[in-house]
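The sequence and structure come first.

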Amino acid sequence: MGTRSFLWNFAKKYFTFGLIGLTISDRYASIVPVRGLSMAPTFNSHGSTSMGSLTDNYVLVEKWCLEKYKFSPGDVVVFCSPSDHRKSIVKRITALPGDWINMPYSSDALKIPEGHCWVEGDNSASSVDSRSFGPVCYPLL
């Protein structure tokens, strides 16, 4: 009977910790790896090595600003890729709703619509960002 009691207490404890950890990760903060060179030199300035994910930078992402979408230009955000919802992308916000952006390789200007923002990587030569896929809607953030 002692083993059954031990296993039940063990399972309850780890299930409880798991639920608490999941809630914190989902609502308050999580740790996200930053891969690739699009945010160099801020993140991953060392480039790609044979060490793979051991050399990735990791960032603590707080989720309080998502409550009312309180963002500022210069904030680094993690969002779902517009082309693949399973992939997360890390970029910097450069424009908010109502701001005007000069389109790259063109003399056109674009006004950022309500509920969207413009994101760019710090390393424009290695970044697929709003210059490629346009403004990002807030629900993807």
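## Surroundings of Lys 91

Not counting residues up to four places away in sequence, Lys 91 touches Ser 38, Met 39, Asp 75, Val 76, Val 77, Phe 79, Val 119, Glu 120, Gly 121, Ser 127, Val 128 and Asp 129, where contact means heavy atoms within 4.5 Å. Lys 91 sits in strand E4 (residues 88–95); helices (H or I, at least four residues) and strands (E, at least two) are DSSP runs, numbered from the N terminus. With a relative accessible area of 3%, Lys 91 is buried (buried means under 20% relative accessible area, exposed over 50%, partly exposed in between, with a 1.4 Å probe and protein chains only).

## Basis of the values

The model is predicted: local features need pLDDT of at least 70 and side-chain atom pairs count only at pLDDT 80 or more, while totals for chains, interfaces and linings use all residues. Residues are numbered from 1 along each chain as its sequence is written, and side-chain values use heavy atoms, with hydrogens and water left out.

## Annotated positions

Under "active site", an unreviewed UniProt entry lists Ser 38 and Lys 91. UniProt positions are given in the numbering used here, feature names are shortened, and annotations may be inferred rather than shown by experiment. The two positions are spread over 54 residues of sequence, yet they cluster in space, with a largest C-alpha distance of 7.9 Å.

Ser 38 belongs to the loop between strand E1 (29–34) and E2, and counts as buried at 11% relative accessibility. Its side chain makes a polar contact with the side chain of Lys 91 at 2.8 Å. A polar contact is a pair of N or O atoms within 3.5 Å; within protein, one must be able to donate a hydrogen and the other to accept it, and residues adjacent in sequence count only if both atoms are side-chain atoms. Leaving aside neighbours within four places in sequence, Ser 38 is in contact with residues including Val 90, Gly 121, Asp 122 and Asn 123.

## Aromatic pairs

The structure holds five aromatic pairs. The ring centres of Phe 71 and Tyr 138 are 5.5 Å apart and the planes stand at 45 degrees, so this pair is tilted. Rings of Phe, Tyr and Trp (its six-membered ring) pair if their centres lie within 6.5 Å; planes under 30 degrees apart count as stacked, over 60 as edge-to-face and the rest as tilted.

Phe 71 lies in the loop between strand E2 (57–62) and strand E3 (76–80) and Tyr 138 in the segment after strand E8 (136–137), so the pair ties together parts that are 67 residues apart in sequence. Phe 71 is buried at a relative accessible area of 10%, and Tyr 138 is buried at 10%. One aromatic cluster is formed by Phe 6, Phe 10, Tyr 14 and Phe 17.
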